[in-house]
Amino acid sequence: MLIKIINPNTTASMTERIGECARAVAAAGTQISAVSPSMGPASIESHYDEALSVPGLLEEIERGEREGADGYVIACFGDPGLDAARELAGGPVVGIAEAAMHAATFLGRGFSVITTLGRTRGRARDLAAHYGMARFCRNVRACEVPVLELDEPGSGARELIVQECRLALLEDQSDVIVLGCAGMADLAAEISRTLGVPVVDGVAAATKTVESLVMMKLRTSAWHEFAPPPAKEYLGLLSEFAVS
Ligand code: 2AL
């Protein structure tokens, strides 16, 4: 089975780390291909970044269909372009926020999301509501570390994340932590050991979810809403995205 993991930001070092985290949980027969789009923002930490990450992401879904991918993970916690990707892909597509939030509900009573910048809290809250997870999502906290600083040794990012996790356990009545950025994927196990509670990384959760769906021979329903998009002309810079 081939699972294509798309980091919708264009930072190659982050994509490499995401790929390693996915391979660490994938079954023996599962091949992981982790890619970034050829165009788009270096990191996604605003609605603008998120909107402009979607064309490059959809281009990678298109390419994945030609490469024979069995399923896809969208590895950004805003789950950008998820519904559009489902219209294009033959196999299942899962976002890391939806996978992490669902996984957290199996593990405890309520979870807190620890995101990067404060301005990304709204999107995480909106997604929790959209996925029917508002009942379980006790809080969304920000560590105020920009996405690309998660990659920098000596940035103190880990300590700031752990500090927010501790506050979540003390103040939010949460017993599970959800890491709110794909760039935090490699920190989950260690933070879980430090705090003694489940810490869910969406990259691992989404990879295993896609793997399970493919194993069960389940794919997105093409009945009505997620059917392939209707053919039409697209103008200007987006002309190559027209579906024929
Ligand atoms: C993210 C993420 O997962 N990737 C990225 O570029 N931004 N999420 C976030 N909360 O900042």
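A salt bridge is here a side-chain nitrogen of Lys or Arg within 4 Å of a carboxyl oxygen of Asp or Glu, and by this rule the count comes to 13 salt bridges. The model is predicted, so that local features need pLDDT of at least 70 and side-chain atom pairs count only at pLDDT 80 or more, while totals for chains, interfaces and linings use all residues. Residues are numbered from 1 along each chain as its sequence is written, and side-chain values use heavy atoms, with hydrogens and water left out.

| Salt bridge | N to O distance |
|---|---|
| Arg141 and Glu171 | 3.1 Å |
| Asp172 and Arg141 | 2.8 Å |
| Glu211 and Lys208 | 2.5 Å |

Helices (H or I, at least four residues) and strands (E, at least two) are DSSP runs, numbered from the N terminus. Arg141 and Glu171 form a salt bridge, and this pair links distant parts of the chain, with Arg141 in strand β6 and Glu171 in helix α6, 30 residues apart. Arg141 also meets Asp172 in a salt bridge, a pair that again links distant parts of the chain, as Asp172 is in the loop between α6 and β7 (176-179), 31 residues apart from Arg141 in strand β6.

Burial is judged by relative accessible area, with buried meaning under 20%, exposed over 50% and partly exposed in between (1.4 Å probe, protein chains only). Arg141 counts as buried at 10% relative accessibility, whereas Glu171 counts as exposed at 54%. Both Asp172 and Arg141 are buried.

Because Glu211 and Lys208 are 3 residues apart in helix α8, they are separated by about one helical turn. Glu211 is buried, with a relative accessible area of 6%, and Lys208 is partly exposed at 31%. Elsewhere, Lys4, Glu60, Arg63 and Glu67 are linked in a network of salt bridges.

Asp151 is found in the loop between β6 (137-142) and α6 (157-171), and is partly exposed, with a relative accessible area of 29%. Leaving aside its neighbours within four places in sequence, Asp151 is in contact (heavy atoms within 4.5 Å) with Ser13, Met14 and Arg17. The C-alpha atoms of Asp151 and Gly180, 29 residues apart along the chain, are separated by 15 Å.

Tyr234, for its part, is found in the segment after α8 (202-215), and is partly exposed, with a relative accessible area of 37%.
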